[in-house]
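Let's walk through this model together, starting with a pair of helices and then moving on to a sheet. Have the viewer open as you read.

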Amino acid sequence: MSNVIEIRGIIRNFQLGQETVYVLKGIDLDIKRGEYLAIMGPSGSGKSTLMNLLGCLDTPTDGTYNLNGNDVSTMTDDELADIRNREIGFVFQTFNLLPRTTALDNVALPMVYAGMSKKDRNIRAEKVLTDVGLADRMDHKPSQLSGGQRQRVAVGRALVNKPSIILADEPTGNLDSKTSLEIMQLFDDIHAAGNTVILVTHEEEVAAHAHRVIRLRDGMIESDVRNR
């Protein structure tokens, strides 16, 4: 199986006034296509910074990051935005949906940036919403949906451009335990369909769904364990 992500010697520092904060201190990481991976670590371990780098929301201070054969560590903001839209589907703890927009239009949004026609956007968005169990909620706005349904819309939006990677940041953080289980079952199904799934979480029961768990501490990989 080929690697979808190859990271070598990733360092990320932040300048706070006169002080340099060293957050990631030389991370090496390979993630194979089709893997199901969880990234864990205590607060301040660097997991959010690593997620931002993996998601092309930020660039490293030093080191290289190859995503699907593209060296993204030296890209401009515009190039990063383009590769994000094509290669990465994001799911956030807070859903990040447009409040005045229907579920269908929320899911179709990434395809607007990709330049697809409205007809093609709607066909694909309808299919994705059906796949995530919301065929009867397409015309509903976020305020008319439960937390679990909103997260399903967010998952649908993440899937719609058929990205290389689904990157989920604390995807069950705002959900009750029953709904959390349903959303994690959805991620299990997405992985079973052949997608690469990366979860960033502090919850052991969420990480237990993944087949490989990486733990960070003080900006370095403390352990890298395969569950199955």
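In this predicted model, begin with helix H5 (residues 147-159) and helix H6 (residues 177-192), whose axes come within 10 Å and cross at roughly 20°. Because angles under 35 degrees count as roughly parallel, H5 is roughly parallel to H6. The crossing of H5 and H6 is right-handed.

Now zoom in on the residues where these helices meet. H5 brings Gly148, Gln151, Arg152, Val155 and Leu159 to the contact, and H6 brings Thr179, Glu182, Ile183, Leu186, Phe187 and Ile190. Sorted by class, the contact of H5 with H6 has six nonpolar residues, three polar ones and two charged ones.

Next, turn to the sheet. Its four strands follow the order E2-E1-E4-E5, with antiparallel pairing, and the sheet is open. Which strands stand at the edges? They are strand E2 (19-32) and strand E5 (70-71); each has a single partner strand, so one side of each is left without a neighbour in the sheet.

Strands of a sheet pair through backbone hydrogen bonds, either parallel or antiparallel. To find a bridge in your viewer, select Leu67, whose bridge partner in E5 is Asn70.

Finally, see what lies over the sheet. Helix H1 (residues 47-54) lies across E2, E4 and strand E1 (3-16). Relative to E1, helix H1 runs at about 125°.

How values were computed. Residues numbered from 1 in each chain as written. Predicted model: local features only at pLDDT ≥ 70, side-chain atom pairs only at ≥ 80, totals over all residues. Heavy atoms only, no water. Axes fitted to C-alpha atoms, helices over the stretch in contact; angles between N-to-C directions. Helix = DSSP H or I, 4+ residues; strand = E, 2+ residues; numbered from the N terminus. Parallel < 35°, antiparallel > 145°, perpendicular 65-115°, else oblique. Left-handed = near helix turned anticlockwise from the far one by under 90°. Contact = heavy atoms within 4.5 Å. Nonpolar A, V, L, I, M, F, W, Y, C, P; charged D, E, K, R; others polar. Pairing = 2+ DSSP bridges.
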